[in-house]
Amino acid sequence: MPCKVCKNTLIFLDKDPSCPKCEKLSVVPYEDSLKISDYLISVFQKKFLNLVKNAKKRQLLANVFWYRERHVRRIYTSYTHIDVTQLLACNLLLRRLIQMDDFLEKEEINEEKIVDIIKLYTDLTQFEEDRVRLEAGNWSMLKLKKYNIDNLEKMTLDAVAVCPNEKYDRVMKAFAKHNIMPQKKAELIMKEWAKQLQEPIVPGSKRSKTAKETISLFYELISEFYTAFFRSRIYTEAFGLPSDYKISIDPIELQRFVGGYPMMDSGLSYREFVDFRAELISKFGGKYKQFLNYFVISQENPATPLFLRLDDNVLISQAFTELFSYVLHVIINRDLFDAETEKRSKKFESQIVKSHFENIGYKYIPNHIVKNKMEIDGIAISKSNVFVIEVKGWKSRKLIEEKTSKDILVREIKHAIEGLHLDYMSGKIKTKVSLPKKVKWVNENRKKFRISDSVEIKGMLVINDEPIISEYNGCIVRFVNDFENNSL
Ligand SMILES: [Zn+2]
């Protein structure tokens, strides 16, 4: 929905859409905005280095690790909505600091100091996130004061500001569908959730026994964290595993293992490395190497920081590891998780489509099953039109804030109409009945549905993204949000 007057892309200052052109606001050109963004990041990097250069490195790392642990514990004890930006800053700090060598080892790091450090780093990572959003074209930069693009050293920090533009709407909607939402709404949902569970989740609890049970029971939580942890490349740097990972460690086992270490209010638990390794071997057998490789970060090993090795000791972070074990379910059991997501989203979207057609006077037959042959998500029938509906549902998606490749979207649409389904883990493609074949079947069974001979029957795919192609193989492609907004 560009500006109705001048067709310019709208931006969102606060919450209201405004047209930069009509309202005489100055938008920084794309290339300049990236250059300025890089400059701002470098300014904050310098500030940060100044703040930590005197620190004792091991103390600094241990304190960040402890800060993160306390932060996560709060969601288990009081169902506070988690502040993912702080977790992001902590994890990036752990992964980046451990690789840095030029500390002067003079300054003691106390709790007050660590709060300052994390605050500054949260600001810095915010600038890095802005950079990703600007690059994807989802956000815009506004010029508020004069600057010279060739002499940015003289630019003041308040000369520019960034804000989402209308392209970011798609991202926000995707987040809402994965339960990533404004704090107020999230708090309400957490309260509701607390009532259902009756007791707080205790790390290492044995409530769920299988991956399927866990995914179904904690679906919202898992989905929220998976989407949040991998929303852009910065998040992937903070929380991700190496791209060629091969993990066979059961997340439930990981949860139980970490739950075996006592959790203290006064500080982190730790083990001597030799004991820790012995415990790993007795619990995981030959897989202990995988465990050390992927989950125990040290100067020599750039792992996901579930455990922190400093010289001869391993620091333990029960609450964060518990949280990560949920995400690990998705990483390891992607197909189970995708199936659950698809089931839930299809149910939800089918309802939206059904209400829409009923509101405009159609008869709607949901979920028509032809035994041993096919499943039709919906048939919408009026005197002049019949649509055979296929609802795609959605899958968990990585890198939601980055540009989604058009090629991928087009391929997904074609596959959905052709009835092709990619099995994520095996990489094999499974074939189901295509939408044109379903249309053909309805066509041959007109009498059954009291469709007169003169009415045209068309296939319609309902997807969860702005359709890049509006028709394929004789079938119409529609965006589910258009049903919600009644803008068809
Ligand atoms: Zn305008």
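In strand S9, the bridge partner of Ser269 is Ile316. The model is a predicted one, in which local features require pLDDT of at least 70 and side-chain atom pairs count only at pLDDT 80 or more, while totals for chains, interfaces and linings use all residues. Residues are numbered from 1 along each chain as its sequence is written. Helices (H or I, at least four residues) and strands (E, at least two) are DSSP runs, numbered from the N terminus, and two strands are said to pair if DSSP finds at least two bridges between them.

The sheet concerned is open and has four strands in the order S6-S9-S8-S7, with mixed pairing; its edge strands are S6 (269-272) and S7, each of which pairs on one side only. S6 and S9 pair in the antiparallel sense over four bridges, and S8 and S9 likewise pair in the antiparallel sense over four bridges, with Leu310 standing opposite Asn313 in S9. S8 and S9 form a hairpin with two residues between them, and Asp311 in the turn has a positive phi of about 55°. By contrast, S7 (residues 296-297) and S8 (residues 307-310) pair in the parallel sense over two bridges, and the bridge partner of Ile297 in S8 is Leu308.

## Helix H10 and its cover

Helix H10 (residues 251-259) has as its buried residues Pro251, Leu254, Gln255, Phe257 and Val258, where buried denotes 20 or more other C-beta atoms within 10 Å of the residue's own, exposed 12 or fewer, and partly exposed anything in between, with C-beta atoms placed from the backbone. These residues cover an arc of only 165° around the axis, which puts them on the same side of H10; the arc is that of the directions from the helix axis to the C-beta atoms. What covers them includes helix H11 (273-284), strand S9 (313-316) and helix H13 (318-332).

H10 and H13 pack at an angle of about 170°, with their axes 8 Å apart, the axes being lines fitted to C-alpha atoms, for helices over the stretch in contact, and the angles running from 0 to 180 degrees between N-to-C directions. The two helices are therefore roughly antiparallel to each other, a label used for angles over 145 degrees, whereas angles under 35 count as roughly parallel, 65 to 115 as roughly perpendicular and the rest as oblique. Pro251, Leu254, Gln255, Val258 and Gly259 of H10 make the contact with Gln318, Thr321, Glu322, Ser325, Leu328, His329 and Ile332 of H13, contact meaning that the C-beta atoms of two residues, placed from the backbone, lie within 7 Å.

## Three-stranded sheet

A further open sheet consists of three strands in the order S3-S4-S5, with antiparallel pairing; S3 (26-27) and S5 (160-164) are the edge strands, each pairing on one side only. Two bridges join S3 to S4 (residues 139-143), and Ser26 stands opposite Lys143 in S4. Helix H4 (residues 111-135) lies across S4 and S5, running at about 105° to S4.

## Surroundings of Ile417

Ile417 lies in helix H15 (residues 406-418) and counts as buried, because 22 C-beta neighbours fall inside 10 Å. When residues up to four places away in sequence are left out, Ile417 touches Ser434, Leu435, Leu461, Tyr472, Asn473 and Cys475. The C-alpha atoms of Ile417 and Met460 are separated by 8.9 Å, although the two residues are 43 residues apart along the chain.
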